[in-house]
Amino acid sequence: MTYDKITIELTNYKKEFWNLMMKGTKGNYENLKGGKISNEMFVLPYDSNKKYNELINDECVFRRIATNIKANDSDHTLFVSDSDDVAEWNLTNIEDIKNVINNFTKKRMECHTLSIITRLDEDIVHDSQFDTEDYLIKHFAKSFGKAEENAFINGTGVNMPIGILNDTDGAEVGVITNEITFDDVIALYFSLKSEYRTKGSWLINDEIAKNLYTLKDADGNYIWNHNSNTIMGRPVYITNAMPSTGKAIAFGDFSYYWITIRMPISARSINELFCGNQQVGYLAKEYLDGILIRTDAIKVLQLN
C-alpha cells in the first residue's frame with residue numbers, strides 16, 4: 001500500500017491525525033482508515049513525514065552517506081542483489097550472458113521495528129499555543145536518529161539491522177595496530193580499492209577525531225586538512241556510535257550500505273496508560289532494515 005499517496009489524497013487526514021490521534025479528541029476515523037497500519041497505529045501525514053525525514057537526516061549521519069531505499073508496498077523479507085558488473089565487448093552468446101547473470105550476491109533485508117514511547121502533560125498538549133506536531137516530530141527524529149545510527153554501526157542483525165562493524169557481514173579489517181599512527185591511517189586509506197576510495201568517507205567518534213586532528217608525519221605535516229575537514233581529500237564524519245577501541249576508524253564508500261525504509265513512521269496516542277499522571281503518552285514506530293551490500297567497500301582500522 002502506498003501510504004504517501006493515501007495521506008496526500010485524503011485532505012482531512014492531517015487534521016484528523018493530529019486532533020484525534022495526538023490530542024486524544026474524538027474525530028472521524030473514516031478519514032484516517034487509509035493510513036491505518038495495525039493496532040490503532042497510523043502513518044504520519046505526508047507533510048509531517050516529509051518534515052520528519054528532513055530532521056532525521058540531520059540527526060543520523062548514516063542517513064546522509066548511505067543509500068536510502070523505500071519499499072513501502074511490503075513488510076516481507078526482501079532479497080537485494082549486487083554484482084561487479086563489467087561492460088564487455090561482443091557479448092553475443094547465451095552462455096556469456098548466463099555467466100554475467102549468475103554473478104550476483106544476494107542478501108536478505110527484513111522489516112525490523114524500532115519503537116519509542118514518550119509523554120507530555122495534558123495541560124501542554126491541550127494548550128492552543130503549543131505546537132504538538134512540531135515538538136513530537138523533532139523528538140521522534142532525535143530519538144530514532146540516535147538509535148538508528150547505533151544499529152547501522154553496531155547492529156547484530158537480531159531484531160535490528162546488521163551494522164558495518166559486524167564481524168560476519170560488516171566491513172573488512174584493513175589495518176590492525178596497537179596505537180594509531182600517521183602511517184596506519186595512510187595504510188587504511190590504501191587498503192581500500194581505488195573504485196571505493198574516490199567516493200570514500202571517514203567515520204570516527206570524538207575521541208578518535210581529537211587524536212587524528214593533531215596527528216602529524218615526521219616532517220610536521222597534519223594528516224587532517226583543517227581547512228576542508230578532510231583526510232587524504234576525503235570528508236570526515238563524526239558519530240559517537242563509533243567505538244574508541246576495537247574497530248575505531250571506518251573508511252570507505254558508505255553508499256554500499258543500504259537502508260530500506262519499509263513504510264513511513266507511524267504513531268498513536270496512549271491516553272489510558274498515563275492518565276493517572278495527567279499525561280498523554282505517544283507510541284511511535286519505524287519499520288526498516290540496513291545492511292552492507294559489499295563488505296569490501298568499507299575497511300576498518302582495528303585498535304587493539
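**View 1. Crossing of α3 and α7.** The axes of α3 and α7 (lines fitted to C-alpha atoms over the stretch in contact) approach within 8 Å and cross at roughly 45°. The crossing is right-handed. On the α3 side, Ser48, Lys51, Tyr52, Leu55, Ile56 and Glu59 make the contact (heavy atoms within 4.5 Å); among the α7 residues are Ile137, Phe140 and Phe144. The contact residues divide into seven nonpolar, two polar (Gly counted among the polar) and seven charged.

The model is predicted, with local features requiring pLDDT of at least 70 and side-chain atom pairs pLDDT 80 or more, while totals for chains, interfaces and linings use all residues. Residues are numbered from 1 along each chain, and side-chain values use heavy atoms, without hydrogens and water.

**View 2. The largest pocket.** This pocket (an open set of points on a 1 Å grid, probed at 1.4 Å, with protein on both sides within 12 Å along at least five of seven lines; lining atoms within 4 Å of a point) holds about 290 Å³ of space. Its lining comprises 20 residues, with Asn49, Asn53, Arg63, Lys70 and Ile261 nearest the centre. Helix α3 supplies the largest share, six residues. The lining divides into nine nonpolar, five polar and six charged residues.

**View 3. The second largest pocket.** About 160 Å³ of space lies here. Helix α7 (residues 132-154) gives the largest share of the lining, five residues. Lining residues include Glu59, Lys142, Gly145 and Glu149.

Note on methods. Grid points are joined across faces, edges and corners, and a volume is the space filled by probe spheres set on the points. Helices (H or I, at least four residues) and strands (E, at least two) are DSSP runs, numbered from the N terminus. Axes are lines fitted to C-alpha atoms, for helices over the stretch in contact, and angles run from 0 to 180 degrees between N-to-C directions. A crossing is left-handed if the near helix is turned anticlockwise from the far one by less than a right angle, and right-handed if clockwise.
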